[in-house]
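Please read it beside the sequence and the coordinates.

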Amino acid sequence: MRRLATILALLVASCTATAPMRTLPPVGDLVIPTTVPNGKVDVVVKPTYTVGETIRATIRLSPTTGSLRGPLDPFIQASGFHGTATVRHLAVDPISVGAGSAEVVVLWDMRDDAGTAVGGDDYSLVFNVIDNSGRTTTVGATLQVR
């Protein structure tokens with residue numbers, strides 16, 4: 001009888017469901033939306049970048065009426081205890097979009113305006129967009145470099 005009770009206990013224990021181990025899906029690109037008076041601007045970035053890698057951000061202009069032009073005057077800035085400083089002015093050919101949406105890629109080689117490599121930190125990509133009514137909106141996105 002004892003043997004039968006032991007066998008039953010083992011059978012019940014082996015049939016008990018254990019919670020499946022959950023794994024989180026990998027984090028993909030981050031889409032940072034900004035509403036502008038006549039539409040939306042999305043900045044698509046990676047969650048983090050590695051020191052020394054070229055930073056790539058995609059800017060998507062999506063006017064709902066009229067048109068949008070940008071990115072205008074893009075730059076990288078760093079913020080810290082001593083304030084905010086411009087690190088690099090970027091050369092990007094702006095695009096104009098009148099219907100639908102269009103994208104432009106912004107690249108940063110992780111160097112400052114003097115050509116010196118910068119290290120890991122949180123940086124901001126900042127630029128302007130202008131609509132066909134002349135309204136300017138400043139857009140920004142954080143770039144985490146580790």
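Two strands are taken to pair if DSSP finds at least two bridges between them, and the strands themselves (E, at least two residues), like the helices (H or I, at least four residues), are DSSP runs numbered from the N terminus. By that criterion β3 and β7 are joined by seven bridges and run antiparallel.

The structure is a predicted model, in which local features need pLDDT of at least 70 and side-chain atom pairs count only at pLDDT 80 or more, while totals for chains, interfaces and linings use all residues. Residues are numbered from 1 along each chain as its sequence is written, and side-chain values use heavy atoms, with hydrogens and water left out.

**Overall composition**

The protein contains one helix and nine strands, and from the N terminus on its elements follow the order α-β-β-β-β-β-β-β-β-β. Of its 146 residues, 33% are buried, where buried means under 20% relative accessible area, exposed means over 50%, and partly exposed lies in between (1.4 Å probe, protein chains only). The protein exposes about 9200 Å², and carbon and sulfur atoms supply 56% of that area; accessible areas come from the Shrake-Rupley method with a 1.4 Å probe, and for residues only the protein chains shown count as cover. Among the contacts (heavy atoms within 4.5 Å) in the protein with a separation of 6 or more, 56% are between residues 24 or more positions apart.

**The four-stranded sheet**

An open sheet is formed by four strands in the order β1-β2-β3-β7, with antiparallel pairing. Because β1 and β7 stand at the edges with a single partner strand each, one side of each is left without a neighbour in the sheet. From one strand to the next the twist averages 20°, with axes being lines fitted to C-alpha atoms (for helices over the stretch in contact) and angles running from 0 to 180 degrees between N-to-C directions.

| Strand pair | Bridges | A facing residue pair |
|---|---|---|
| β1 (residues 30-36) and β2 | seven bridges | Thr35 and Lys40 |
| β2 (residues 39-45) and β3 | six bridges | Val41 and Leu61 |
| β3 and β7 | seven bridges | Ala57 and Val106 |

Strands β1 and β2 are joined by a hairpin through two residues.

**The nonpolar core**

A nonpolar core is here a set of buried Ala, Val, Leu, Ile, Met, Phe, Trp, Tyr and Cys residues joined through side-chain atoms within 4.5 Å. The largest such core has 30 residues, and those with the most contacts inside it are Val41, Trp108, Tyr123, Leu125 and Leu143. At least two residues of this core come from each of β2, β3, β4, β6 (95-97), β7, β8 and β9 (136-145). In soluble globular proteins, nonpolar side chains tend to be buried together. When neighbours within four places in sequence are left aside, the contacts of Tyr123 include Trp108 and Leu143, as well as Ile76, Val87, Val118 and Ala141.

Most residues other than glycine have a negative phi, and most peptide bonds are trans. The peptide bond from Gly70 to Pro71 is cis, with omega near -5°, and Pro71 lies in strand β4 (residues 68-80). Asp73, also found in β4, has a positive phi of about 50° although it is not a glycine, and Asp73 counts as exposed because its relative accessibility is 59%. Met110 likewise has a positive phi, near 60°, but Met110 lies in the loop between β7 (102-108) and β8 (121-131) and is buried, with a relative accessible area of 2%.
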